[in-house]
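Dear colleague,

Please find the structure handed over below, followed by an account of what was found in it. I would be glad if you kept the sequence open beside the text as you read.

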Amino acid sequence: MLLLLLTMAAAVAAATPTADTILCRADRAVLGESAAYTLQMTVVRPGKPDRVVEMKGWKKGDALGLVRYTAPAKERGTAYLRNGANTWLYLPSAEKVVRVGAKQNFGGGDFSNADIFRLSLVNDYVPTLAGEEAWDGQPCYRLDLKAKDRTVAYDRVVYRVRSDGTFFPVHAEYYTISGRRLKWLTLGEVARMGGRARPTRLTMESALEQGSRTVLRFLAIDDDVTLDDRMFTPSALERGQ
Amino acid sequence: MKLLVLAMALAAAGAEAGSRQVEIGVENLYYRTAESPLNRGNLLGLDPDEDLLRGTLLWREVRGRARGVFRGLVEQRIGGRDRTEWRAREAYLQYGFGEAVTVRAGRQRIAWGSGFAWNPTNRLEPPRNPLNTGLEQQGADAVRVDVIPAAWAGVIVVAARSRTGVSDLPFANEGTERRTAAVRARFLVRETDLAAVVSGGRNQRTLVGLDAARTLFGQATAHVEASTYRGAEMPPARERQRFVRVAAGVLYPRGEHTSWTIEYFFNGEGYGDDARDAWLGQLEGSAGEAYAAAATVPYSGGLGLRRHYVHGSWTRSAVGGRWTTALRAVFGASDGGLALTPGIVYAPRGDLTVHLDAIVPVGPADSEYRLAPVRAAVQARIRALF
């Protein structure tokens, strides 16, 4: 009987992936290793009109990302570039590239530059599998992520990833170093895009102002793209689109 | 004509998928003027109220790897000496050979350097309007080649021709023609942007420059841009003397929509009190063309008459939002002069913007910004975007 229980326990343990594996799979659930995408961002503030911005983005691996605004017309040409820990902003009116901080918020919404270009949680955080729980009616792994160093945007993240084999992330809570919950992210609207199913709607809500939220909706994604590393340089940013 | 050439070249680039951006605008730059040490006896022929009324056009077309840009204006001066003229701020063609090499030819901005208000490593372009650095800048006639050998490095080689006169003022100031050859090599080293610049040519000093920018604590960014050269740009020439210019500052975003900048500028060849008095004394004693030439020194491609300046700005804006408010100020730490530029942008729709800037120079009567004949200015711009 004891042997049977031990065997069953070993089987269950073998079936449960490690925290690193879960995080790696979740990292690739929305965008692949390299991707080109079209995105719509809506910033909602209580009592104010919604602000809607559309952009095109590219990412390569865990370190390189580029986003260019395409609408509204007055924002067209503005671009953000991420290369590792470095972020730059291109201002078309001044035709100038300016270095900005990763913790700075992106486009006046609830996402930081680091959130938008968070190309790999695996690189920034040490994950621990804290258990399994149901979230919004779905069985999930609960991961506790601890920042590897102080340069990372958040000290701690509680991350929920579907345990049904899809590894789709569904919810994340971001905490400051003092333990205060700063904001939370909900991922949903799983749809087939670019040849596979994936979450296509990301909603970041702020704990600082009730009712404030920013919604990112992917309008198109192409994972099968070949991108040159030199596309992700300030020099290339200056050349414009 | 330039627009026609651009259109033909882009048409020749083929029918690849592309994008087009068109902006049509109306601008009115109003200046309140007065006689001053730099406008003795109203030599510049200014009315107390001067207006520059403009129609503007931006056409930006991208076809595959080709890109064409035209940015120009028609200007009617309504004041002491009415005149109408048109000017292309930019008119260039660009073609990219993969990601590695891009060639751009025509009138263009070459906005290099990490400095906000001053770029001591950039002597290629016509100088910025000292009263409002937020205005669109005039480009230089140039051929520019960008080479990106690796993701951590970039090299720009430029041959440029430009005039040293400042535009956007209610009086003509052509300046002299500068022909410049320059190389800028940019590197990303240990999360720091580094750039080295060498530039020189006709009617200018040969300079060597360094530029560095880095993020601090994930939030703020800091920069230092410096150049050194032998011989002064402002009179007296001081041929044997080596000068240094340094711009150093910080950009600090605070909260959701607000950002602050502060930048210190050291202008090594700038006048001390004695040199300033000597220059003003020389102005007093000169007449005719000699006076006119000396009085335009502050507008002729220099980066300021004095040695120490501080620029500060506060901006509140949101991407896609309706309102942007800003306050810029340049403080002449050598003489107590201050140029205040409050501004507001209203965007009732995503394709329409209304800009309003005011310029208020204050400070002691003999300070740099009070020497100029402009007592106040209001600059209004309306843009429709397609």
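**Strand pairing in chain B**

B:Ser19 has B:Val62, in strand 2 of chain B, as its bridge partner. Before going further, please bear in mind that this is a predicted model, and that what follows should be read accordingly.

**Chain A as a whole**

Turning to chain A, its secondary structure consists of five helices and 13 strands. The C-alpha trace of chain A spans about 75 × 45 × 35 Å along its principal axes. Its radius of gyration is 19 Å, which agrees with a compact globule, because a globule of 241 residues would have a value near 18 Å. Of these 241 residues, 42% count as buried, and if one takes the contacts in chain A with a separation of 6 or more, 44% of them are between residues 24 or more positions apart.

**The nonpolar cores**

The largest nonpolar core has 55 residues, and those with the most contacts inside it are A:Leu143, A:Val157 and A:Val161. Strand 1 (residues 34-44) of chain A gives the most to this core, with five residues. Apart from it lies another core, of 20 residues, which includes B:Ala117, B:Trp118, B:Val330 and B:Ile359. As for the surroundings of A:Val157, if residues up to four places away in sequence are not counted, this residue touches A:Tyr125, A:Leu145, A:Ala172, A:Glu173 and A:Tyr174.

**Where the two chains meet**

How many residues does the contact take from chain A and from chain B? Chain A gives 40 residues and chain B gives 37 residues. On the side of chain A that touches chain B, strand 2 (51-60), strand 6 (96-100) and helix 5 (234-239) of chain A each supply at least two residues. The residues of that side of chain A comprise 16 nonpolar, 12 polar and 12 charged ones.

With kind regards

Note on methods:
Residues numbered from 1 in each chain as written. Chains lettered and ligands numbered in written order. Predicted model: local features only at pLDDT ≥ 70, side-chain atom pairs only at ≥ 80, totals over all residues. Helix = DSSP H or I, 4+ residues; strand = E, 2+ residues; numbered from the N terminus. Rg over C-alpha atoms; globule rule 2.2 N^0.38 Å. Buried ≥ 20, exposed ≤ 12 C-beta atoms within 10 Å, placed from the backbone. Contact = placed C-beta atoms within 7 Å. Core = buried A, V, L, I, M, F, W, Y, C linked by C-beta atoms within 7 Å. Nonpolar A, V, L, I, M, F, W, Y, C, P; charged D, E, K, R; others polar. Pairing = 2+ DSSP bridges.
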